[in-house]
Amino acid sequence: MEATGTDEVEKIKSKFMSAWHNMKYSWVLKTKTYFSRNSPVFLLGKCYHFKTEGEYRALHSSQSFSAGISTEISGNVEEFRRDFISRIWLTYREEFPQIKGSALTTDCGWGCTLRTGQMLLAQGLMLHFLGRAWVWPEALAMDSCDSESWPSSTVRKLTASLEASLTERDPRLLGRPPARRDWDGTERRNELYHRKIISWFGDSPLAAFGLHQLIEYGKKSGKMAGDWYGPAVVAHILRKAVEEARDPELQGVTVYVAQDCTVYSSDVIDRQCSCVGSGKVGTKAVIILVPVRLGGERTNTDYLEFVKGILSLEYCVGIIGGRPKQSYYFAGFQDDSLIYMDPHYCQSFVDVSIKDFPLESFHCPSPKKMSFKKMDPSCTIGFYCRTVQDFEKASEEITKMLNSSSKEKYPLFTFVKGHSRDYDFASSPLHEEHDLFSEDEKKRLKRFSTEEFVLL
């Protein structure tokens, strides 16, 4: 009876905390974000400007951070909104199946870095299966949706916030969304992948990259449900989750996590050219995650141009980080402010196993901005390369940006030819944690659990 009474107390406590968090984290989207007409907006490698074509092309060509980088220039507010809303948004949820080994049925207050890590991986999978040009056909219809998670009156206000933020409204730039067309074969295929990618991040024990699975991998690095996860630990958890995924669709993707701010080219290529199936050699796409620090105790503004350069590359999948104990998913910038999606918003559980589950709550209707100076130094940068040639090109471009932004300082991270085992790192043995991680990984994860980084 005593044990039963304790369980009941834990359940009541969990419900109380869930109700409190639902109230606390229900206001995050109810603020306007202001954009300027006079500066370009970058979103994961695409450039948008809310002026006429001649004006924004002339202005874009004068931007120093985009020099030498091939960036697609697109048009107006509606195109930017469609692109932004099409990114997958993963937030706090409540009332999902209980997490194993705990009484938790919500991640409010502690799961934000896991959510931003999910968004980082989701963007990589979108590039892999859908390509950067894909946009959700229903993106601009978000203001007319009416679901349990999104009251239609609220959504109408939120989706109007971007246009309302412009200093002077220009009717030429604010068109109506086109009438929905019957989907052809390609559109149906894309929508199937759109739903499948979201389902991989569902809040159930069976979802390959869902919160329940990520927490199981986190236990191997000493993290439990309810703990706060740092961006470096999450990078390693995502790698293990992709390695262990059993869906045949995911066998063509791998994740590489940089070691001590160093990307070893031969290790990346080995991952891309690994054996598949019955001993045959196949080529995999790779998502590269680089845990770094953008300074010491505070973010060093000298790294701003490099961060802009990364976010202006089309194979960038974003950056996770933010403020101390608050993680955000950064996907773009305007001037010296970064554009991000905020996971600190409590939504109801959605069962992604049912046919035609509602999609609206997985797409953010309104972007937010943060001054680069307010960022916490700890973050993880991600980019996607479909082929070995793409990786070689990406490493060359990023190395140039690193060298030009570092000036007299050391770069944030480096690309080194060869394998990590070719270099002698001093290490001390740790107690056995789990066979899933190598000794070197255990050492790094233990260090990353306190978010300490080696600064080059």
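Predicted model: local features only at pLDDT ≥ 70, side-chain atom pairs only at ≥ 80, totals over all residues.
The protein contains 13 helices and 16 strands. Of its 456 residues, 56% are buried. Taking contacts between residues at least 6 apart in sequence, 75% join residues at least 24 apart.

**Helix H8 and its cover**

- Helix H8 spans residues 211-218, and it is largely enclosed by the rest of the structure because six of its eight residues are buried.
- The buried positions in H8 are Leu211, His212, Leu214, Ile215, Tyr217 and Gly218.
- Helix H4 (112-129) and helix H9 (231-244) are among the elements that cover these buried residues.

**H4 against H8**

- Two packed helices are described by the angle between their axes and the distance between the axes.
- For H4 and H8, the packing angle is about 110 degrees and the axes are 11 Å apart.
- H4 is therefore roughly perpendicular to H8, the range for that term being 65 to 115 degrees.
- The crossing in which H4 passes H8 is right-handed.
- On the H4 side, Leu114, Arg115 and Gln118 take part, and they meet Leu211, Leu214 and Ile215 of H8.
- By class, this contact of H4 with H8 consists of four nonpolar residues, one polar residue and one charged residue.

**H8 against H9**

- The axes of H8 and H9 come within 9 Å, crossing at roughly 110 degrees.
- That angle makes H8 roughly perpendicular to H9.
- H8 and H9 form a right-handed crossing.
- Leu214, Tyr217 and Gly218 of H8 meet Ile237, Leu238, Lys240, Ala241 and Glu244 of H9.
- The contact of H8 with H9 has five nonpolar, one polar and two charged residues.
- Leu214 of H8 meets residues of H9 and also takes part in the contact with H4.

**H4 against H9**

- H4 passes H9 in a right-handed crossing.
- Thr113, Leu114, Gly117 and Leu121 are the H4 residues of this contact, and their partners in H9 are Pro231, Val234, Leu238 and Val242.
- Six residues of the contact of H4 with H9 are nonpolar and two are polar, with no charged residues.
- Leu114 of H4 meets residues of H9 and takes part in the contact with H8.
- Leu238 of H9 takes part in the contact with H4 and in the contact with H8.

**Helix H11**

- Helix H11, residues 304-311, is mostly covered, with seven of its eight residues buried.
- Those buried residues are Leu304, Phe306, Val307, Lys308, Gly309, Ile310 and Leu311.
- The buried set in H11 thus includes Lys308, a residue of the charged class.

**Threonine 387**

- Threonine 387 sits in the loop that runs between strand S15 (376-385) and helix H12 (388-406).
- Its relative accessibility is 27%, so threonine 387 counts as partly exposed, falling between the buried limit of 20% and the exposed limit of 50%.
- A polar atom of the threonine 387 side chain lies 3.1 Å from the backbone nitrogen of aspartate 390.
- Threonine 283 is 104 residues from threonine 387 in sequence, but their C-alpha atoms are 7.3 Å apart in space.

Conventions: Residues numbered from 1 in each chain as written. Heavy atoms only, no water. Helix = DSSP H or I, 4+ residues; strand = E, 2+ residues; numbered from the N terminus. Buried < 20%, exposed > 50% of the residue type's maximum accessible area, 1.4 Å probe, protein only. Polar contact = N/O pair within 3.5 Å; in protein donor to acceptor, adjacent residues only side chain to side chain. Contact = heavy atoms within 4.5 Å. Axes fitted to C-alpha atoms, helices over the stretch in contact; angles between N-to-C directions. Parallel < 35°, antiparallel > 145°, perpendicular 65-115°, else oblique. Left-handed = near helix turned anticlockwise from the far one by under 90°.
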